[in-house]
Amino acid sequence: VWVWFKTTDSLSCLFTMHAAPVSATRDFLELNLTTFSGSGNVRMKAWTSGGNVTLNSSTDGWADGAWHFLLAWWNATNMGLYMDGSDIGSRTSGGGQWNLNATREIDEYRFGNDSSGGNEIAGNLDEITVWGKDLGDATTAAALHAAKGGDVLNASTYGAGTDGSGDVKLWCRMGDGTEAGAGSTVYDMSGDANPADATLYN
């Protein structure tokens, strides 16, 4: 997951993603700014049938009113966080990777609102991108290098904006062109059909 954000709200949700199994409580992934271990540190929560794990960033102070680039990654063995090109935390993931398929798809994206419907953000979000695969070192490094320069790595280079068969599951440009959305709906430009768009809460 990639997300640019700007806020002075040290207790707010940046991103929530739900997956719907055939028959079970929905799994979810959340990225929050919290006051758990400092003011404005990042917390990544992954809840799945394989285990529930939480990762807190090693540094705080990210709710400073400046733009920041957060990259969060998660696979079957590990999970980690990068901020503005620097590693700010990692740990084992507890084997809780989602196995997305025809009967188990992401069914909801929320921006600025957590899974319980609270912690709405007072601030700005931009260029939110969700990938359906491990990006690998080269693509991750390119994204982090671009972020250090204040630039956005164009997700269309890696499969967004296609027929949905690419590696990008969500690409919300948040108004950089004609894809701003309407009301609280943010248009998805990835071409993936599940779900079609995202909902913005602030």
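In the predicted model, tryptophan 2 has leucine 71 of strand β6 as its bridge partner. A further bridge in this region pairs phenylalanine 5 with histidine 68 of β6. Strand β1 (residues 2-7) and strand β6 (residues 68-74) run antiparallel and are joined by 4 bridges. On the β7 side, β6 is connected to strand β7 (residues 78-83) by 5 bridges, again in antiparallel orientation. Alanine 72 stands opposite leucine 81 in β7, and the two strands β6 and β7 form a hairpin with 3 residues between them. Of the 7 residues of β6, 6 are buried, so this strand is largely enclosed by the rest of the structure.

These pairings belong to an open sheet of 6 strands, ordered β8-β7-β6-β1-β10-β11, with antiparallel pairing.

The protein chain as a whole contains 1 helix and 13 strands. Read from the N terminus, its elements follow the order β-β-β-β-β-β-β-β-β-β-α-β-β-β. Of the 202 residues in the chain, 48% are buried. Among contacts with a separation of 6 or more, 58% involve residues 24 or more positions apart.

The average pLDDT of the protein chain is 74, and 62% of the residues score at least 70. Among the elements, β1 has the highest mean pLDDT (90), whereas helix α1 (residues 136-148) has the lowest (68). Over residues 100-104 the pLDDT stays under 50, and the model has 11 contacts beyond four places in sequence for this stretch. Where pLDDT is low, the predicted coordinates should not be read in detail.

The interior was examined next. In soluble globular proteins, nonpolar side chains tend to be buried together. The largest nonpolar core of the model has 34 residues, and those with the most contacts inside it are Phe15, Met44, Leu70, Leu81, Phe111 and Leu125. Beyond its neighbours within four places in sequence, phenylalanine 15 is in contact with Val1, Leu29, Glu30, Leu31, Tyr109, Arg110, Phe111, Gly112, Ile128, Val130 and Leu170. A second, separate core comprises 8 residues, including Trp2, Phe69, Val168 and Trp171.

Methionine 83 is located in strand β7 and counts as buried, at 1% relative accessibility. When neighbours within four places in sequence are left aside, methionine 83 is in contact with Phe5, Val42, Trp62, His68, Phe69, Leu70 and Ile88. The C-alpha atoms of methionine 83 and alanine 72 are separated by 8.8 Å, the two residues being 11 residues apart along the chain.

Charged side chains were also considered. Side chains of opposite charge can pair when their charged atoms come close. The count for the model comes to 1 salt bridge. This salt bridge is formed by lysine 45 and glutamate 30, whose closest N and O atoms are 3.5 Å apart. Lysine 45 lies in strand β4 (residues 41-48) and glutamate 30 in strand β3 (residues 27-34), so the pair ties together parts that are 15 residues apart in sequence. Both lysine 45 and glutamate 30 are buried.

Backbone geometry was the final point of analysis. Most residues other than glycine have a negative phi, and most peptide bonds are trans. Aspartate 84, although not a glycine, has a positive phi of about 50 degrees. Aspartate 84 is found in the loop between β7 and β8 and is partly exposed, with a relative accessible area of 24%. Glutamate 127 likewise is a residue other than glycine with a positive phi, near 45 degrees. Glutamate 127 is found in strand β10 (residues 123-131) and is buried, with a relative accessible area of 6%.

Conventions:
Residues numbered from 1 in each chain as written. Predicted model: local features only at pLDDT ≥ 70, side-chain atom pairs only at ≥ 80, totals over all residues. Heavy atoms only, no water. Core = buried A, V, L, I, M, F, W, Y, C linked by side-chain atoms within 4.5 Å. Buried < 20%, exposed > 50% of the residue type's maximum accessible area, 1.4 Å probe, protein only. Contact = heavy atoms within 4.5 Å. Pairing = 2+ DSSP bridges. Salt bridge = Lys/Arg side-chain N within 4 Å of Asp/Glu carboxyl O. pLDDT = per-residue confidence, 0-100.
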